[in-house]
Amino acid sequence: MSDLETRQLKYFVAVAEELHFGRAAERLSMAQPPLSRAIRDLERRLDVRLLERTTRQVTLTSAGEVFLRDARTALEAVTAAERRVRQAGRPDPRLRLALKADHDAGLLPKIIEAYEAEEGALPIELILGGRGEQPSQLRDGRADVALVPSPFDARRLDFEPLLTEPRLVALAANDPLAARSRLTLADLEGRLLPDGAPAVQGPSAEPPAGAAPHGPVSDLTQIFKLVELGAIVCFLPVSVADRYRRAGITYLPVDDLEPTTLAVMWPQDSRSPAVAAFVRAATTVVTTAYALGHRS
């Protein structure tokens with residue numbers, strides 16, 4: 001059997017994710033008949049059925065589910081290899097640092113200062129993204145190192161926890177709950193988060209009809225405006241809440257809300273001296289801050 005090609009993997013992933021040959025063909029900018037033939041050829045080559053097809057629907061077989069997971073990993077690895085070799089060949093190499101703006105517990109300036117004093121340090125290129133995007137940026141080669149708040153997906157990544165801090169709920173100042181001194185998650189039943197999900201998860205936690213007409217939002221300015229209007233609530237680390245005190249927003253502790261942990265994260269196979277220097281700097285800054293009895 002000849003080696004599988006990335007083209008075949010891309011075709012299969014598109015069909016497996018869309019579960020519809022027409023939509024997958026449109027996504028791939030190709031006609032449907034050659035896509036169908038390519039998938040049949042792939043199944044013959046592997047000698048296994050990956051998809052169940054009827055006139056009504058397309059579903060993955062158990063073998064197809066396994067292959068989808070591994071095909072995604074393989075494509076991610078190929079993409080990462082291309083991006084990393086281009087990065088390594090730059091005449092002006094950089095350390096690409098991924099993070100969500102303001103979710104650094106106020107540590108980033110001190111970390112950068114400590115990093116720049118390290119042997120092997122390179123100029124930093126900041127890659128700003130939404131919450132949860134940083135691990136995939138590391139896996140697919142868009143970033144070299146990241147500061148990531150929990151929870152996070154650490155597949156094929158190494159990380160070092162830096163600090164753990166409580167989270168607060170941000171409410172409109174005129175919300176009836178804002179008069180309380182502290183809350184529990186149950187008090188937030190029926191409220192929505194910035195991504196449109198219920199603030200209280202569970203089988204009975206259904207969002208109200210017409211929920212989240214604004215759509216998911218990740219920009220902090222937009223989030224604060226929607227909180228002020230009473231459209232959503234938001235869970236934020238204490239460090240972010242301290243930095244953004246606003247007259248229209250009240251921050252309250254939530255007794256059963258899990259804290260968040262900020263970690264420095266990097267690809268498992270990284271051998272970059274600059275990445276190692278950044279990790280050393282980050283851990284040293286946090287250790288020193290705690291020894292002095294404060295966070296920043």
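Analyst: Two strands pair if DSSP finds at least two bridges between them. This model is predicted.

User: How many helices and strands make up the secondary structure of the protein?
Analyst: Begin with the whole protein. Its C-alpha trace spans about 65 × 55 × 25 Å along the principal axes. Of its 296 residues, 43% count as buried. The secondary structure comes to 9 helices and 10 strands.

User: How many bridges join strand 6 to strand 10?
Analyst: Strand 10 covers residues 260-267. Strand 5 (residues 145-149) pairs with strand 10 in the antiparallel sense over 4 bridges. Strand 6 (residues 157-165) also runs antiparallel to strand 10. The bridges between strand 6 and strand 10 number 8.

User: Which residue in strand 10 is the bridge partner of E160?
Analyst: A146 has M265 as its bridge partner in strand 10. L147 stands opposite V264. For E160, the bridge partner in strand 10 is V264.

User: How many residues of strand 10 are buried?
Analyst: Buried means under 20% relative accessible area. Strand 10 is mostly covered, and of its 8 residues the buried ones number 7.

User: Which residues have the most contacts inside the largest nonpolar core?
Analyst: In soluble globular proteins, nonpolar side chains tend to be buried together. The largest nonpolar core here has 25 residues. Those with the most contacts inside it are L107, L147, V264 and F278.

User: Which element gives the most residues to this core?
Analyst: Several elements give two or more residues: strand 3 (95-99), helix 5 (108-116), strand 5, strand 6, strand 10 and helix 9 (273-291). One of them gives 9 residues, the most to this core: helix 9.

User: At roughly what angle do the axes of helix 1 and helix 3 cross?
Analyst: Two packed helices are described by the angle between their axes and the distance between the axes. The axes of helix 1 (residues 6-18) and helix 3 (residues 32-46) come within 10 Å. Helix 1 is roughly perpendicular to helix 3. The crossing angle is roughly 110°.

User: How many residues of the contact of helix 1 with helix 3 are nonpolar?
Analyst: Q8, Y11, F12 and V15 in helix 1 meet L35, A38, I39, L42 and R45 in helix 3. By class, 1 is polar and 1 is charged, while the nonpolar residues number 7.

User: Which residues in helix 3 do those of helix 2 meet?
Analyst: The axes of helix 2 (residues 21-28) and helix 3 come within 9 Å and cross at roughly 105°. The two helices are therefore roughly perpendicular to each other. Their contact has 6 nonpolar, 3 polar and no charged residues. F21, G22, A24, A25 and L28 in helix 2 meet Q32, L35, S36 and I39.

User: What separation do the C-alpha atoms of A172 and I249 have?
Analyst: A172 lies in strand 7 (residues 167-172). A172 is buried, with a relative accessible area of 4%. Along the chain, A172 and I249 are 77 residues apart. Their C-alpha atoms are separated by 4.7 Å.

Terms used
Residues are numbered from 1 along each chain as its sequence is written. This is a predicted model: local features need pLDDT of at least 70, side-chain atom pairs count only at pLDDT 80 or more; totals for chains, interfaces and linings use all residues. Side-chain values use heavy atoms; hydrogens and water are left out. Axes are lines fitted to C-alpha atoms, for helices over the stretch in contact, and angles run from 0 to 180 degrees between N-to-C directions. Angles under 35 degrees count as roughly parallel, over 145 as roughly antiparallel, 65 to 115 as roughly perpendicular and the rest as oblique. Contact means heavy atoms within 4.5 Å. Ala, Val, Leu, Ile, Met, Phe, Trp, Tyr, Cys and Pro count as nonpolar, Asp, Glu, Lys and Arg as charged, and the others, Gly among them, as polar. Buried means under 20% relative accessible area, exposed over 50%, partly exposed in between (1.4 Å probe, protein chains only). A nonpolar core is a set of buried Ala, Val, Leu, Ile, Met, Phe, Trp, Tyr and Cys residues joined through side-chain atoms within 4.5 Å.
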